[in-house]
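Please open the model in your viewer and keep the sequence panel beside it. The tour below moves from one selection to the next and says what is to be found at each stop.

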Amino acid sequence: MGNASSMLTQYDIEDVQEQCNHLFTQQEIVSLYERFCQLDRNSKGFIYADEFLSVPEFAMNPLSQRLLKMVDGLNFKDFVAFLSTFSAKASMQQKIELIFKVYDSDCNGKVMFDGIIEVLRDLTGSFISDKQREEVLNQVLHEAGYTRDSLLLLDDFIQILDHPGMKMEVEVPID
């Protein structure tokens, strides 16, 4: 499984479906496999950062450089697991865990104020000033009981972001 010359078996499909907590139907997994094979230009069973950049929506994403660190060298199962986070059926915790990984650029399990500001700068560009970003972040942290000096762990992110009514929806085109 994983290169263009191989085919998915029913067992493979069910295995991938199990790994992604049934967030994709069997037909969606087949479509994702076809897309994976298109991206895997060398038919090695892995997708590398440069191949992800061939997807215009990915390349245009202001966080693409951060996301590339997370997707470089994915096999098909990991590819589906990564995309499952963007499913409307994914849990809020799954989505927050991905967001945390985006902010945790050095993969040490901690996020600092400056790291959050950096991501916000990537997201907002010149639309708002550094001062405005800092004011907004200070306010959000203050309301959640943290300060700009706090080291945030995944549990802290969950506490800050996991509120009833909070929506994090991104559509992943399957076809």
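Begin by selecting Tyr-103, Ile-116, Leu-137, Val-140 and Leu-161, which lie nearest the centre of the second largest pocket, a site lined by 15 residues. A pocket here is an open set of points on a 1 Å grid over the protein atoms alone, with protein on both sides within 12 Å along at least five of seven lines, and lining residues have an atom within 4 Å of a point. The space in this second largest pocket is about 280 Å³, a volume being the space filled by probe spheres set on the points, which are joined across faces, edges and corners. The largest share, 5 residues, comes from α9. By residue class, the lining of the second largest pocket divides into 14 nonpolar, no polar and 1 charged, where Ala, Val, Leu, Ile, Met, Phe, Trp, Tyr, Cys and Pro count as nonpolar, Asp, Glu, Lys and Arg as charged, and the others, Gly among them, as polar.

A word on the model itself: it is predicted, with residues numbered from 1 along each chain as its sequence is written, and local features need pLDDT of at least 70, while side-chain atom pairs count only at pLDDT 80 or more. Totals for chains, interfaces and linings use all residues, and side-chain values use heavy atoms, with hydrogens and water left out.

Switch to a cartoon of the whole protein, which holds 10 helices and 0 strands; helices (H or I, at least four residues) and strands (E, at least two) are DSSP runs, numbered from the N terminus. Of the 175 residues, 39% count as buried, where buried means under 20% relative accessible area, exposed over 50% and partly exposed in between, with a 1.4 Å probe and protein chains only.

Now select residues 91-126, which UniProt lists, in an unreviewed entry, for "domain: EF-hand"; such annotations may be inferred rather than shown by experiment. The end C-alpha atoms of this span lie 32 Å apart, and the span is 67% helix and 0% strand.

Within the loop between α7 (92-103) and α8 (113-124), select Cys-107. Phi of Cys-107 is near 55°, a positive value in a residue other than glycine, and Cys-107 counts as exposed, at 68% relative accessibility. Then show Phe-113 together with Arg-148, which lies over the face of the Phe-113 ring at 4.0 Å from the ring centre; a charge sits over a ring if NZ of Lys or CZ of Arg is within 6 Å of the ring centre and within 35 degrees of the ring normal. Leu-151, in the loop between α9 and α10, is partly exposed at 45% relative accessible area. Its C-alpha atom is separated by 5.7 Å from that of Val-111, although Leu-151 and Val-111 are 40 residues apart along the chain.

Which residues do ring pairs link into a cluster? Select Tyr-33, Phe-36, Phe-52, Phe-58, Phe-76 and Phe-79 to show it. Rings of Phe, Tyr and Trp (its six-membered ring) pair if their centres lie within 6.5 Å, and planes under 30 degrees apart count as stacked, over 60 as edge-to-face and the rest as tilted. The structure holds 10 aromatic pairs, one of which, Tyr-33 with Phe-76, is edge-to-face at 5.0 Å centre to centre and 85° between the planes. Tyr-33 lies in helix α2 and Phe-76 in helix α6 (residues 76-84), so this pair ties together parts that are 43 residues apart in sequence. Tyr-33 is buried at 6% relative accessible area, and Phe-76 is buried at 2%. The rings of Phe-52 and Phe-79 have their centres 6.1 Å apart and their planes at 50°, so the pair is tilted. Because Phe-52 lies in helix α3 (residues 49-52) and Phe-79 in helix α6, this pair ties together parts that are 27 residues apart in sequence. Both Phe-52 and Phe-79 are buried.

Finish in the loop between α1 (10-19) and α2 (26-39) with Asn-21, whose phi is near 55°, again a positive value in a residue other than glycine. Cys-20 and Ala-90 are 70 residues apart in sequence and 9.2 Å apart in space, C-alpha to C-alpha.

Methods
On a 1 Å grid over the protein atoms alone, a cavity is a set of points where a 1.4 Å probe fits but cannot get out, and a pocket is an open set with protein on both sides within 12 Å along at least five of seven lines; lining residues have an atom within 4 Å of a point.
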